[in-house]
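These are my notebook entries on what I looked up in one structure. I record the packing of a helix pair and then the pairing of a sheet.

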Amino acid sequence: METFLFSLLNGVIYGLLLFMLSSGLTLIFSMMGILNFAHASFYMLGAYFAYSFTQVTSFWLALIFAPLLVGLFGAAVERWGLRKVHANGHVAELLFTFGLAYLIDEVVKIIWGKNTVDYQIPAALDFPLFELFGAQYPAYRMFILIVAVAMLAALWFLLKRTRIGLIIQASLTHPHMVGHLGHNVPRIFMAVFGAGCALAALAGVIGGNYLTTEPSMAAFMGPVVFVVVVVGGLGSLEGAFFASLLIGLMQTFAISISASFGDIFGWAGVSPTSELGSITISSLAPMLPFLMLVLVLMVRPNGLMGTREV
Amino acid sequence: MKRIISAALAAMVLTVPAGMAMADTVKIAFIDPLSGPFGATGDAGLRHWQHAADLVNADDGINGNQVEIIGFDNKINPKESLIQLQKAIDQGVRYIAQGNGSSVASALIDAINKHNKRNPGEEVLFLNYAAVDPVFTNDRCSFWHFRFDSDADMKMDAMTDWIATKPEIRKVYVIGQDYSFGKAVAAAAVGMLAEKRPDIEIVGNELHPLGKVKDFTPYIQKMISSEADAVITGNWGADMVLLVKAATSSGHNVPYMTYYGGGLGAAAAMGEGAVGRVMEVSEVNTNLDTPDAQDALIDGFEEKYADISFYYQRVFNAMNMLDAAATKADSIDPTKVAFALEGMEYETPYGKVTMRADNHQILQSLYMSTFSTGMKRDVEHTGFGWVSGEGDKIEAANTAMETTCKMSRP
């Protein structure tokens with residue numbers, strides 16, 4: 001019971017963190033048709049900016065300004081980089097973001113060094129919130145949950161209930177029509193790209209000290225985020241939400257299962273001491289998202305909620 | 001006057017290179033992770049080697065030759081390590097130092113064996129300062145490999161001896177990294193506990209991917225549910241830091257028996273909650289009584305590298321024994337040095353160590369140290385450090401294990 005409850009909590013938090021990262025990616029894709037390979041790099045930049053902020057000011061300022069800065073940087077990348085490349089088609093765009101990811105990686109290594117930086121949880125949130133079944137639950141985790149839910153609500157409100165959201169949604173499907181109506185579509189694109197990057201950076205700010213802040217964090221998160229977007233359905237925000245939670249829960253629950261193949265498939269003659277039988281479910285946890293990716297592409301190529309072909 | 005000075009200068013310029021050409025440089029390639037999740041650990045190791053080399057150089061070098069340490073980043077990847085090894089050999093390096101990752105050490109041993117067979121007269125010697133998979137000094141022992149750290153079995157022997165004296169420990173959880181070393185630790189823990197304390201139940205035996213887990217909370221959760229009284233782990237680097245970080249934030253208050261709890265960054269992550277609870281088995285802790293010269297050495301090291309603490313005494317042992325062996329052999333040729341190292345006894349500030357001739361495994365005393373506060377030397381300016389009391393020392397001779405090694409010598 002306690003394992004279930006804690007796995008549920010941890011899984012949801014990891015899932016929400018994933019959603020924060022992938023929401024920007026899926027927005028950008030649905031709007032501009034760009035699969036942004038550098039998206040996880042913006043997440044990393046968010047964490048590093050926050051770390052630098054906390055060195056001189058406080059975590060709370062970092063929480064606001066690090067995503068803003070990264071958002072501005074993202075907008076600049078779109079305005080002076082992607083827009084130019086766009087004329088040469090999708091392959092050029094893909095290559096551009098691919099190169100950008102490597103560039104950001106190297107620049108981060110030059111500025112902050114190759115090793116993990118000591119980005120710590122703010123002292124005000126560094127206490128056990130409650131104790132359940134002999135295990136303490138850190139307050140910072142709850143804070144992540146609150147920030148993620150607040151962001152989710154704000155995003156939903158912006159897209160579904162405001163005029164800006166209406167225009168964004170319209171330009172998703174009918175960019176020319178929106179343009180004819182007198183809206184500046186390139187500027188909308190730039191804003192969406194910047195906002196997507198800012199969301200990734202926000203995930204970096206609150207995730208960088210929960211996990212670790214190091215130059216390989218982008219390369220570590222990148223593939224998982226792509227899995228989320230593809231499984232959820234390219235361009236579907238709802239799909240990304242469910243896929244994030246699914247992957248978060250699946251990974252956490254898998255770790256809590258100690259059973260091995262030998263225990264489960266004992267009836268089929270798989271011995272627990274054999275090479276195959278000794279593999280435990282928990283050791284498969286890191287592989288599960290990719291297994292899901294393959295399965296979804298085979299069974300439902302559009303993803304869980306997507307409408308377009310991958 | 002001016003002419004005399006310039007003449008003198010010219011003479012100096014002319015004679016210095018000539019003088020230097022007389023002596024060789026002993027190049028030691030340090031092949032370890034210098035980036036990524038284990039970068040900080042590798043970097044700390046490199047700085048210990050550098051400092052040990054500086055001290056030897058200040059004292060006339062090895063047989064009059066200056067020692068040069070060259071760092072190679074292997075990203076803890078065995079394949080990448082072989083590329084770096086080749087690079088090092090191409091630069092004329094004859095001595096290799098490595099420690100982080102038995103998977104890497106395994107690849108290096110194979111490659112060095114092959115290289116030495118194919119290139120007689122250009123042999124390369126492997127100084128292993130931390131890769132502790134027991135197999136390297138047993139079934140797969142090599143004449144070209146010397147291990148300056150006690151292997152996983154020797155450390156586990158010390159650890160399980162300690163557990164055997166604690167009747168309150170009835171359930172033990174074993175967690176480790178999923179590669180040869182983690183598996184060796186788990187196998188040793190299960191085997192030795194069954195022998196020394198058959199009443200102890202192993203409530204968990206878990207391997208997690210090396211350097212991939214960023215949040216250990218689900219694992220800690222499992223340990224809490226299993227009601228383990230003690231945890232045994234061989235984790236090191238980021239895996240050690242993140243494991244104890246998660247344990248502390250989840251309030252998991254049972255003894256953690258570690259191999260590398262004293263590793264870089266762990267103390268800061270553990271904090272107050274780990275005091276008296278986290279133990280480490282190692283060849284030394286900085287709060288042991290030592291001669292003044294050793295105190296000065298530690299002070300000098302920590303002054304020079306203010307952000308890390310003195311940790312690898314065995315690096316200094318390795319460097320000094322290399323120096324002594326070269327003196328004994330009157331040569332810096334790796335083959336002659338290797339023969340001189342076999343069976344060598346060396347007096348360290350912490351007692352005598354012996355390099356076994358039959359399997360090239362060092363015998364050194366081990367200590368069970370406890371994470372504490374309020375001691376002479378803390379770690380990384382945290383106010384926390386490691387101490388050991390009466391009965392926490394395991395004499396060097398008692399760490400010896402039987403070996404299956406059948407050494408073939410050139």
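**Entry 1: a helix pair**

I looked up helix α5 (residues 152-164) of chain B and helix α6 (residues 180-196) of chain B, which pack at an angle of about 40 degrees with their axes 9 Å apart. The model is predicted: local features need pLDDT of at least 70, side-chain atom pairs count only at pLDDT 80 or more, and totals for chains, interfaces and linings use all residues. Residues are numbered from 1 along each chain as its sequence is written, and chains are lettered from A and ligands numbered from 1 in the order in which they are written.

Helices (H or I, at least four residues) and strands (E, at least two) are DSSP runs, numbered from the N terminus. Axes are lines fitted to C-alpha atoms, for helices over the stretch in contact, and angles run from 0 to 180 degrees between N-to-C directions. The two helices α5(B) and α6(B) are therefore oblique to each other (under 35 degrees is roughly parallel, over 145 roughly antiparallel, 65 to 115 roughly perpendicular, the rest oblique).

**Entry 2: a sheet**

I found an open sheet of three strands in chain B, in the order β11-β12-β13 with antiparallel pairing (two strands pair if DSSP finds at least two bridges between them). Its edge strands are β11 and β13 (362-363) of chain B, each pairing on one side only. Four bridges join β11 (residues 345-348) of chain B to β12 (residues 351-355) of chain B. I noted that Tyr346(B) has Val353(B) as its bridge partner, and that Thr348(B) stands opposite Gly351(B). A hairpin of two residues links β11(B) to β12(B).
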